[in-house]
Amino acid sequence: MAQQDDLLKKVISHSKEYGFVFPSSEIYDGLSAAYDYGQLGVELKNNIKEYWWTAMVKMQENIVGLDASIFMHPTTWKASGHVDAFNDPLIDNKDSKKRYRADVLIEDHIAKIDAKIQKDVDKAAKRFGDAFDEAEFRSTNPNVTRRQGEIDQIEARFKKAMDDEDLADVKALIEDLGIACPESGSKNWTDVRQFNLMFKTELGAVSGDSGVIYLRPETAQGIFVNFLNVQKSGRMKVPFGIAQIGKAFRNEIIARQFIFRMREFEQMEMQFFVKPGTQMQWYEYWKDFRIKWHQALGIPAENYKFHDHLKLAHYADAASDIEFNFPMGFKELEGIHSRTDFDLARHEEFSGKKLQYFDPEENRSYVPYVIETSIGLDRMFLAVLSSSYTEEQVDEKSERTVLRIPPCLAPVKVAVLPLLKKDGLPEKAREILKSLQAEFYCQYDEKDAIGRRYRRQDAIGTPYCITIDHDTLEDGMVTIRERDTMTQERVKIEEVASIVRGRVKYPVA
Ligand code: GAP
């Protein structure tokens, strides 16, 4: 774990040093859980968006895009259930005045018990070597089974208390488990209460409840309310999808772990409208498609796993997360949900407008069912950055920090480097730079020794460096250096674009 914490710290400081991510309004000591994407961060973010848009819209015959506004009619959020049910259970410590999510306190307590189990498992694995049977050990070792029983009991009691909306029992559980405030060690807790995660603001000059509107907590509702607009104007036939990339806002109680959990973040969501009864087949289709989209990037497959939900939200008939091995462990990166006809039916009910599709093959109208794929852009950014951060020994004397970012997502694709700042080399280099810039984001660098310039490009993940030397002026050839292998090759200037193009194009999922 220490190593993993270390990785997160390194990624955070590397991000700042090289212009990927800065704390927001840092000159005023920052704002908790708000971040700004710097000059390279914005490029990486745009490339992730483009990879998603290419796969989800441009390469799909039956999916189109949308850019709905962040502010929506407030009834939208009544209909969607967010006003009444988009809550986190909160508890305050009376001594430290710190506020916590009750479920997170309980989860952290469980994680501590789980860590003890893991310690026993690791010890036994070491002792028994190849003969070790982990499943057998977990089901028979008295310490492990006792602790597992404890976890099961806590989870069952917590689930029941939440299902019954019995917040008094959630508090009692925290007290019974002897959970103390992580800051102060005090066990002096307030009652647990529900806290709505939507940010409220007021529309124009209207004050009071009638003017209250919300910053959208998900982009999905903008798609649902436009379902018929898009279907009719685009003459779309079910099954079809609407995709959107945009900001979402949640007043997270504990926003932490860098850009993993923020109060302002971006989502890339697609709602796929299908004939009722076919939703399970499409749910499986999109699960398969989305995991392939991730894996096509070449990030090792063992970093991803599905987590199928056992407890489903009231509107879903199936749901699964794609979890990624972040520096903090496996956590949700993307959700794939079969949302039934809940959203459209609720918007029909609250708006009094029909949101139905006339199916010419069936000669009847129905409210389509929906499969949703929803990925956090910032989480994807963290996944790419943390899995590509590598420190390695180059030779006996030197080491380098390299971001092995999938080349199609790398912020800078080509660095153009004249070997010397004289003899016409900068002029030739700038000529080559110009020929590449329309297609690739490039950097020009003539400062310092060539080795140092290579290191700077490694540190920001540039897949190719092109060096222009005296021979270039004679033979029209340059040295092209590849980031991961550090191999260098002499190639004709005219070949550079096609070499780079071949490596940086978006893979097909
Ligand atoms: N429309 C469905 C929906 O919003 P969600 O699981 O609440 O579902 C979808 O969110 C994705 O949005 C998550 O998988 C995660 O990647 C991202 N996300 C959610 N809350 C976030 C936050 N506070 N900060 C960053 N990303 C977040």
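Trainee: How much space lies in the largest cavity?
Mentor: About 30 Å³. Keep in mind that this is a predicted model.

Trainee: How many cavities of 30 Å³ or more does the count come to?
Mentor: The count is 1 cavity.

Trainee: Which residues line the largest cavity?
Mentor: Val11, His14, Ser15, Phe20, Leu385, Tyr389 and Leu403.

Trainee: And which helix gives the most to that lining?
Mentor: Helix 1, residues 2-17, with 3 residues.

Trainee: What does the lining look like by class?
Mentor: There are 5 nonpolar and 2 polar residues in the lining of the largest cavity, and no charged ones.

Trainee: OK, on to pockets. What volume does the second largest pocket have?
Mentor: About 300 Å³. Its lining has 16 residues. Tyr100, Leu105, Asp108, Ala180 and Pro182 are the ones nearest the centre.

Trainee: Which elements give two or more residues to that lining?
Mentor: Strand 5 (99-101) and helix 5 (102-128). Helix 5 has the largest share, at 5 residues.

Trainee: How do the lining residues of this pocket divide by class?
Mentor: Into 8 nonpolar, 2 polar and 6 charged. The lining of the largest cavity, by contrast, has no charged residues.

Trainee: Switching to rings. How many aromatic pairs does a search of the whole structure find?
Mentor: It finds 23. Take Trp282 and Tyr285: their ring centres are 5.3 Å apart and their planes are at 75 degrees, so this pair is edge-to-face.

Trainee: Is Trp282 buried or exposed?
Mentor: Trp282 is buried, at 18% relative accessible area. Tyr285 comes out at 36%, so Tyr285 is partly exposed.

Trainee: What about Tyr285 and Phe289, stacked or edge-to-face?
Mentor: Stacked, because the planes are at 25 degrees, with the ring centres 6.2 Å apart. The cut-off for stacked is under 30 degrees.

Trainee: How many residues apart in helix 11 are Tyr285 and Phe289?
Mentor: They are 4 residues apart, so about one helical turn separates them. Phe289 is buried, with a relative accessible area of 12%.

Trainee: Which residues do the ring pairs link into a cluster there?
Mentor: Phe272, Trp282, Tyr285, Trp286 and Phe289.

Trainee: I also flagged Pro142. Where is its place?
Mentor: Pro142 is in helix 7, residues 142-163. At 60% relative accessibility, Pro142 counts as exposed.

Trainee: How far apart are Pro142 and Phe199 in space?
Mentor: They are 48 Å apart, C-alpha to C-alpha. In sequence, 57 residues separate Pro142 and Phe199.

Trainee: Last topic, the whole chain. How many helices and strands has it got?
Mentor: The chain has 17 helices and 23 strands. Its C-alpha trace spans about 80 × 65 × 55 Å along the principal axes.

Trainee: What share of the residues counts as buried?
Mentor: Of 509 residues, 49%. The accessible surface of the chain is about 25300 Å². Carbon and sulfur atoms hold 49% of that surface.

Trainee: And contacts? What percentage join residues at least 24 apart?
Mentor: It is 66%, taken among contacts between residues at least 6 apart in sequence.

Conventions: Residues are numbered from 1 along each chain as its sequence is written. This is a predicted model: local features need pLDDT of at least 70, side-chain atom pairs count only at pLDDT 80 or more; totals for chains, interfaces and linings use all residues. Side-chain values use heavy atoms; hydrogens and water are left out. On a 1 Å grid over the protein atoms alone, a cavity is a set of points where a 1.4 Å probe fits but cannot get out, and a pocket is an open set with protein on both sides within 12 Å along at least five of seven lines; lining residues have an atom within 4 Å of a point. Grid points are joined across faces, edges and corners, and a volume is the space filled by probe spheres set on the points. Ala, Val, Leu, Ile, Met, Phe, Trp, Tyr, Cys and Pro count as nonpolar, Asp, Glu, Lys and Arg as charged, and the others, Gly among them, as polar. Buried means under 20% relative accessible area, exposed over 50%, partly exposed in between (1.4 Å probe, protein chains only). Contact means heavy atoms within 4.5 Å. Accessible areas come from the Shrake-Rupley method with a 1.4 Å probe; for residues, only the protein chains shown count as cover. Rings of Phe, Tyr and Trp (its six-membered ring) pair if their centres lie within 6.5 Å; planes under 30 degrees apart count as stacked, over 60 as edge-to-face and the rest as tilted.
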